[in-house]
Amino acid sequence: MVKHFAIRAFVLAAVNELLFTLPFGRGRIIILNIILLALAVNYLLAGLLWLVVNASEQALSTLLESIYSSSDDEVERPLLQEETGHSSSKLQSTQAVRWSWHIHNCILLALTVITIAWNQWLSPHQGHCPHNTSPDYSGPTQPNGTTLGPWFDFWFLTVQFKRVISPFPPLAWLSPAILGLLYGRIILSQTWKPYTINASNALFGVFLMLLFVLTRLLHFGNLSEDCLRMPEQLASPTRNQYLVSFRSFFYIIKYPPSFAYMTFSMSLNFLLLAFFGALPEKVARRIPTLLTFG
């Protein structure tokens, strides 16, 4: 599988170079990242993470089962328990597998949050636009990069420097890929009823939308703090910049994606999953694209 993931990443990167860098770079640019390079990196890392999770989940369940067995052996068993030893061992194995599954799901959830939060942590001013009191100042702007150098910035920020143009920072988009792994694990863990899946998608979509609203109200998870200088902000300088107008509320930074963007976009995705999943089969069959892409 490692070879498969590596070949897929290599093909995507090669296509990016052949279709974009060579024709448009004309020898002056060595990397023109038009999303395919970012997809190659994320597919590779997500695939490798899946392999690591599969291996470590089995190892952890084996370890937990041995711990359960050793602790059970230290307890004095009644004579009749010898007849039920096999069922007790099976129960211990089931519990170990369940605990290992839940622990790895928590790890994937933590990685999902960390990999979207680092877009703000690594932002030159943690998502805030610096102020300038000069009379010629036309408005705040985000600095071009960090102090760690352009090649570090390449992985996390939109960059344009000598011979490299990358509006899609590869590691900035890793969070949705990890969330997809977590979602897939949950969906494939057992046979769910369609109603359960649709209701869960809808509830999670609403939860994410509430998180997005909180990013506006509580000023966290944004890459646009103190950056809005539209007429409505200038007219109400002391008010929350996101609450002065409808368009301000939905002012979201996508490149690199902020936590606010992640919650808003994923919320819409899960609500659409719930909506299309709830469509009657007769209606769904009239939408060929829906059946093609699931």
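Me: Which helices each supply at least two residues of the lining of the largest pocket?
Reply: Rolling a probe the size of a water molecule over the atoms shows where empty space is left. Here, helix 3 (85–121), helix 5 (174–188), helix 6 (194–218) and helix 9 (259–277) each give at least two lining residues. Helices are DSSP runs of H or I with at least four residues, numbered from the N terminus. A pocket, on a 1 Å grid over the protein atoms alone, is an open set of points where a 1.4 Å probe fits, with protein on both sides within 12 Å along at least five of seven lines; lining residues have an atom within 4 Å of a point.

Me: What kind of model is this, and how are residues numbered?
Reply: It's a predicted model, where local features need pLDDT of at least 70, side-chain atom pairs count only at pLDDT 80 or more, and totals for chains, interfaces and linings use all residues. Residues are numbered from 1 along each chain as its sequence is written, and side-chain values use heavy atoms, with hydrogens and water left out.

Me: Back to the largest pocket: how much space lies in it?
Reply: About 530 Å³, a volume being the space filled by probe spheres set on grid points joined across faces, edges and corners. It is lined by 27 residues, and L179, L182, I186, F204 and F270 are the closest to its centre. Helix 6 has the largest share of the lining, with eight residues.

Me: How does that lining divide into nonpolar, polar and charged residues?
Reply: The classes go by residue type: Ala, Val, Leu, Ile, Met, Phe, Trp, Tyr, Cys and Pro are nonpolar, Asp, Glu, Lys and Arg charged, and the others, Gly among them, polar. This lining has 19 nonpolar residues, eight polar and no charged.

Me: How many salt bridges does the structure hold?
Reply: A salt bridge needs a side-chain nitrogen of Lys or Arg within 4 Å of a carboxyl oxygen of Asp or Glu. There are three here. In one of them, E57 pairs with R185, with the closest N and O atoms 2.9 Å apart. E57 sits in helix 2 (residues 36–73) and R185 in helix 5, so the pair ties together parts 128 residues apart in sequence.

Me: Are E57 and R185 buried or exposed?
Reply: Buried means under 20% relative accessible area, exposed over 50%, and partly exposed in between (1.4 Å probe, protein chains only). E57 is buried at 14%, and R185 is buried at 12%. For E281 and R285, which form a salt bridge at 2.8 Å between the closest N and O atoms, both partners are exposed.
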